[in-house]
Amino acid sequence: MLDTDAAIILIDRLLKDVGTRQDAGRLAFAEVQIDSSSQATSRFANSHMTQNQAQDATTVSLHLAGRESECRLSTQDISTGGLARLVDDAYAALMLLPAAKDPPAETAEPSDLIDSGQILDESRYDPACAALDASERGKAIKRMIQKADGNDQPEAIHLAGILANGQRLVAFGNSRGVRRVYRETFIESSLTGVIRNCDGSNATGWAKGHQTSMRDLDLDALTDRALAITARARNPREIAPGKYRVLLEAEAVLDLLGFIWWDFAATSHLDRLSPLAGKIGEQIFGSNVSLRDDVFHPLQSGPRFDGSGYDRKTVDLVKDGVLTGLVTGSRSSRRLSALSPDIQLTGHGLPEPSAMGEIPANPVFLPSDPRSMTIAIDDSVPTIVLNRVWYVREVDPSRKLLTGMTRDGIFMGGQEPLKNMRFNISLMDMLQSKSIVAMGPARRAAGEETFPAIVPSMIVDDFNFTETTKF
Amino acid sequence: MFDLLEIALGRAQDLKADFCDLRLVDETSEMLRYKNRSLAELSRETSIGIGIRVLHDGGWGFSATQSLAPSDIVAAVDTALALAKASSATFTAARQGYRLAPEPAWQERWLGPCQKDPFSIQIEDKLALLQVCADEMAAVPGITLSQGFLHFIRTDKYFASTEGARIHQTMYRTGCLIEATASDDQDIQRRSYPCSFGQYESAGYEMVEHWAMQDHARRIATEAVELLTADRCPEGYFDTILGGSQLGLQIHESMGHPSELDRALGEEINFAGASFLKPELINNLRYGSPLVHLVADATAPGALGSFGYDDEGVQAQRIDLVKDGIFKGYLSSRDTASILGLERSGGCMRAQNWCFQPIIRMTNISLEPGKTPCSLDELISDTGSGLYLETNRSWSIDSMRYNFQFSTEYAREIKNGKLGRLLKNPSYSGITTDFWQSMDALCDRESWVQWGTPNCGKGQPMQVMWTGHGAAPARFRRLKIGAANA
């Protein structure tokens, strides 16, 4: 994996090579992005390590923007010869391209940036996290297994899962003189407990955590949570499908809301792929729903610059249920500003050229009046607690109708285990005031359908279970 | 390249590893993506590196490096061995009866099919094709977004093991797609061709020419607009014919995944889930009607999931998963095969690229076509009254692979044995075994297509794999339609 100095040297060298080529005069600008990572995953099940792996990879991509066309080429051959070939091939590709109807968007200038003097951001780098090795991961996993073995349930709980850690570096440079480097670490663990039911089948429970620092991931607490849910999940009964009040744990909320993040990207509106298109200033959700994209939130991760080198701004997307803003990249802000001079460049662009345009990569759901979910459960109304959701897919984009399954912990009243069910719900309906009963404090959640984000647990009405399954 | 692998093998042997195998993968890809009559993306990527597996004292370790410097290769072997030792130290009891099912140490050169090298086709020709398609779609009033892509990948893979295997494989993969979207204030509808998310094959540019996207662009755009005002698909139980590409995805989700032996053994429980297909059900479970014959065939010419040898050096094979409706077997690896007492691995270990550890993946999981001559028109005529559903829109299945729900882009009513009115937002659901037991007719080989899915996700960290699914349209009695609207 590259360190910061090596990344900057490589960017400088590559841009210098680009600038000395015969066709350099045809360029509007050039950009280099480096993604370098080193990560390791220890994976276990059935009381053995099924996989124990470590990978180290660096990808260098070069974006050449002419006045009317552009291309991006990437390589993992970062030798002198490899990078020279990258430049050769990029120029060759660019010269073949016809003029595009949508010319290349702009790249950042140093004067565009708030902290133009700061090159390196390591605010989310934890040396202890980077240093966690296979032996230490193995010991941690042993402790988890011992906790499972030591549980006092009538049936044994077998634990499966992963413990992974690593670091990554994202570096950006352009021919205008911008240089940005971001480095972070991560630690992640997800655990599934398996317990035998009386009928010989299995019940399961699950818990997951993902943080940038080891200090913030309590593996003991995570293990305890997975084991407690597993123990409670034993001997589930089937109930009739229908509309129920549901307490969605934060991981379940995350994996549902992941299907609406891109609806706050300007490109989804320009392409008319979002039901929110044309609704800025309108009440789209309940007044108790506010959403922001905020890379500076202490629980977030990811670089504070976008794929064109611009600063990521904090953007209020939804305020008290009103659609107030969209995230933009260089291209979409240019397209939108032709329609509305108020449109700002927010610094959320994906590396150009990109058909997707941009994405709010750091969403924060701001619950109004966050409450304890335990206290918020009204015992007079049957409430199903969902630990997580699974295989969620969008059925109808015009209503944000999603289908998915429950999994690894579904309980009536939080205690009585139930068999899993399929749901079909509209996010547009779920986020209305009449549907939201209560919300808990927002926290960093990690699921399986989208990247980690800051979301609350929620109690919602009329959550539509349409079918049951056999376990 | 084998000399680089010899360095690694030598190091593994010096360190007394019980077993070591390596893959050096050299890959080049090109993507051309069009959006609204303009080139939205031209990207090319090159990637090269070595993935190293070591088995020591019952523990596996894997490491990967993109540096081909001998010192870095040696360091990667050291890392893999350290990981293997950590594995066996964490769990002191080695898996009982553990061994690698035997496989000859092949020394082979394998070339995948490719008549026209896609990297030698002029870029102007590729762009011209996408431009024609884009212009055709945009010419239909009501289209709000038109998209298309061409995607080409060339892979050279060198495999070696301490057992003496030396295998060099070269394969091409090509994908193409056009997609038309129509939207108004109330609705968003999409039509895709050749299938949603792109059709992929182990082939060269000849597959793009075969699919002739330019001949279908205006049709799919017209259909997308028509869907905006089409009647909603009714709910209830209907005799339903599923189109081939939709059936391919059904096969993927409801047979491909549950037949992965690592899932059945509980090794994927933390992410992808488990399987209702327990080992004791082999030859004992009626999975489908007697017409259902599902195979895993890594030898199918030109299919996306085909190869010469898997990423453990096991020769490609054809295996029955379900025959005459009875569950017959799994997708396996050398170590899981030995657990089940199989003589040989089914050759299903595959990795996304050099950077990932191989895991059990689908190859080409296909429904054998009907033996009785039957075209789609004849099947529709025979159906009398029902529905025809085509081209996937959404897919979801539970973590044991029982309950599923799918939706398609397009449906037509079948009335009096003929296709009738257009219907929108069709969805269907069921339980896997009930579904396959309801299959009572399918088209013959003339209608059978080897569909390709480029984006099957599995593993931690997540890997993406390309899989093939041969299918012809088939009929299912009393399929539950409209669960999404409940």
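**Entry 1: helix α2 of chain B**

In this predicted model, I listed the buried residues of α2(B): Ile73(B), Ala76(B), Val77(B), Ala80(B), Leu81(B), Leu83(B), Ala84(B), Ala86(B), Ser87(B), Ser88(B) and Thr90(B). I then looked up what these buried residues pack against. Within chain B, the partners are α1 (2–14), β2 (38–56) and β3 (59–65). From chain A, β2 (48–66) and α4 take part.

I also checked the length of helix α2 of chain B, which covers residues 70–90, 21 residues in total. From its first C-alpha to its last it reaches 30 Å, close to the 30 Å expected at 1.5 Å a residue.

**Entry 2: helices α4 and α5 of chain A**

Helix α4 (residues 134–149) packs with helix α5 (residues 219–232) of chain A at an angle of about 35°. I noted their axes as 10 Å apart and the crossing as right-handed.

For the contact, I recorded Ala140(A), Met144(A), Lys147(A) and Ala148(A) on the α4(A) side. On the α5(A) side, I recorded Leu219(A), Asp220(A), Thr223(A), Asp224(A) and Leu227(A). I sorted the residues of this contact into five nonpolar, one polar and three charged.

**Entry 3: Ser372(A)**

Where does Ser372(A) lie? I found Ser372(A) in the loop between β12 (363–367) and α9 (373–376) of chain A.

Last, I looked up Ser372(A) against Ile78(A), 294 residues apart along the chain. Their C-alpha atoms are separated by 52 Å.

Conventions
Residues numbered from 1 in each chain as written. Chains lettered and ligands numbered in written order. Predicted model: local features only at pLDDT ≥ 70, side-chain atom pairs only at ≥ 80, totals over all residues. Heavy atoms only, no water. Helix = DSSP H or I, 4+ residues; strand = E, 2+ residues; numbered from the N terminus. Axes fitted to C-alpha atoms, helices over the stretch in contact; angles between N-to-C directions. Left-handed = near helix turned anticlockwise from the far one by under 90°. Contact = heavy atoms within 4.5 Å. Nonpolar A, V, L, I, M, F, W, Y, C, P; charged D, E, K, R; others polar. Expected span 1.5 Å × (residues − 1). Buried < 20%, exposed > 50% of the residue type's maximum accessible area, 1.4 Å probe, protein only.
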